[in-house]
Amino acid sequence: MTVGFIGLGNLGRPMAINLLNAGFDLRVYNRTAEKAHAVAAGAADRVVVAQSPVGVAMPGGILLTVLSDDQAVTSVADDAVLAALGPGGVHVSMSTILPATSQRLAQTHAAHGVTYVAAPVFGRPEAAAARKAWICTSGPEDAKARVRPILDALGQGIFDFGTSPGAANVVKLSGNFLLAAAIEGMAEAAALGEKNGIPRDALLGFLTNTLFNCQIYNGYSQRLIAADFDKVGFTNELALKDMRLASEVALASATAMPMLDLVRRRYLAAVANDRGWLDASGLALGAAEDAGLRWFRPSREEEGR
């Protein structure tokens, strides 16, 4: 089977390589062409590098997109691409976008006979490379069954949330909010300990080996201890985008989320202070600095960026 794939950034590239390793052939497109050619290197007989998104779409075929935001997904899934996919085609959007955007996309796709499936991904690039990502899906049942073998090659588990086009996006935004809230909570606890003479590695090491012994707390506590926020898998800037989307959904559904307001402001402050390029775990710097602590990370200029 040949699969169309658009979006070969930090997350999309390892996913595309996993599809190749699973035996799928690919037609790929990326705005930065070098990234597409890098995926094709060593597998030129199995990867076609398209010159435009339309060149990736195959009549009645399957198209996966892993893009940064709502505008990117909407601009790629235009009339030309949908006409190229045509009746029987399936577009699987793996991006973190508004549920309302997915609902609109499902309607425009249906006008061309194309089915839309939302399938956002939980997992940093290293998790995607190791096929340890989690995938949430929503959309028509027959389309989800058709793309299941592809998604199985990309992650360690798939969780379905029904037929509503935007349902999986609500789950994704909720999960990303919880991740940010966990980082904020650990940062505040670490700052409290450090201001009272307890090193953050001792405090977080104890908590993550006892009461909070789980993947997220273990992984992000190590980032907070090392303050290696310049090892970027997902930027503060993109995290701010996700918190903004979650806030839009909360407002539209009259859902009070004061913790969401806090972490959104943390990310906004990070971007305003030229930290948008740091990893999203750098949210923790706000709590440290509020406590008068300096968990030093060099500035963009000091690193010669």
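User: Quick one on E194. Buried or exposed, or in between?
Analyst: In between. E194 counts as partly exposed, at 27% relative accessibility. Keep in mind that this is a predicted model.

User: What does the E194 side chain meet?
Analyst: The side chain of R200, in a salt bridge. The N to O distance is 3.1 Å.

User: And R200, buried or exposed?
Analyst: Buried. R200 has a relative accessibility of 15%. The cut-off for buried is under 20%, so R200 falls on the buried side.

User: Which ring does the charged end of R200 sit over?
Analyst: The ring of W295. The charged end of R200 is 4.3 Å from the centre of that ring. R200 therefore has two partners here: E194 through the salt bridge, and W295 through its ring.

User: Where does the charged end of K172 sit?
Analyst: Over the ring of F122. The distance to the ring centre is 4.4 Å.

User: Back to salt bridges. How many does the structure hold?
Analyst: 14. The bridge between R200 and E194 is one of them.

User: Remind me why side chains like that pair up at all?
Analyst: Opposite charges can pair when the charged atoms come close.

User: Give me another one. What does E289 meet?
Analyst: R275. Their side chains form a salt bridge at 2.6 Å, N to O. This pair links distant parts of the chain. E289 is in helix α13, residues 284-290. R275 is in the loop between α12 (258-272) and α13. The two are 14 residues apart.

User: How accessible are E289 and R275?
Analyst: E289 is partly exposed, with a relative accessible area of 38%. R275 is also partly exposed, at 24%.

User: Which residues are joined into one network by shared partners?
Analyst: R124, E126, R223 and D279. The salt bridges among them share partners. Take R124 and E126: their closest N and O atoms are 3.2 Å apart.

User: R124 and E126, then. Buried or exposed?
Analyst: R124 is buried, with a relative accessible area of 15%. E126 is partly exposed, at 46%.

User: D279 was in that network. Where else does D279 turn up?
Analyst: In the contacts of T235. Setting aside neighbours within four places in sequence, T235 touches G276, W277, L278, D279 and A280.

User: Where is T235 found?
Analyst: In the loop between α10 (215-226) and α11 (236-252). T235 counts as buried, at 19% relative accessibility. The limit is under 20%, so T235 makes the buried class.

User: How far apart are T235 and G276?
Analyst: In sequence, 41 residues. In space, 6.3 Å from C-alpha to C-alpha.

User: Which backbone nitrogen lies 3.1 Å from a polar atom of the T235 side chain?
Analyst: The one of L238.

User: Changing topic. How many aromatic pairs are there?
Analyst: A search of the whole structure finds two. One is W134 with F159. Their ring centres are 5.9 Å apart and the planes are at 55°, so the pair is tilted.

User: What does that pair tie together?
Analyst: Parts that are 25 residues apart in sequence. W134 lies in strand β8 (residues 133-137), and F159 lies in strand β9 (residues 155-160). Both count as partly exposed: W134 at 34%, F159 at 45%.

User: And what about F212 and Y217?
Analyst: They form an aromatic pair too, and it is tilted. The rings are 5.1 Å centre to centre, with 35° between the planes. F212 is partly exposed, at 36% relative accessible area. Y217 is partly exposed, at 24%.

Conventions
Residues are numbered from 1 along each chain as its sequence is written. This is a predicted model: local features need pLDDT of at least 70, side-chain atom pairs count only at pLDDT 80 or more; totals for chains, interfaces and linings use all residues. Side-chain values use heavy atoms; hydrogens and water are left out. Helices (H or I, at least four residues) and strands (E, at least two) are DSSP runs, numbered from the N terminus. Buried means under 20% relative accessible area, exposed over 50%, partly exposed in between (1.4 Å probe, protein chains only). Contact means heavy atoms within 4.5 Å. A polar contact is a pair of N or O atoms within 3.5 Å; within protein, one must be able to donate a hydrogen and the other to accept it, and residues adjacent in sequence count only if both atoms are side-chain atoms. Rings of Phe, Tyr and Trp (its six-membered ring) pair if their centres lie within 6.5 Å; planes under 30 degrees apart count as stacked, over 60 as edge-to-face and the rest as tilted. A charge sits over a ring if NZ of Lys or CZ of Arg is within 6 Å of the ring centre and within 35 degrees of the ring normal. A salt bridge is a side-chain nitrogen of Lys or Arg within 4 Å of a carboxyl oxygen of Asp or Glu.
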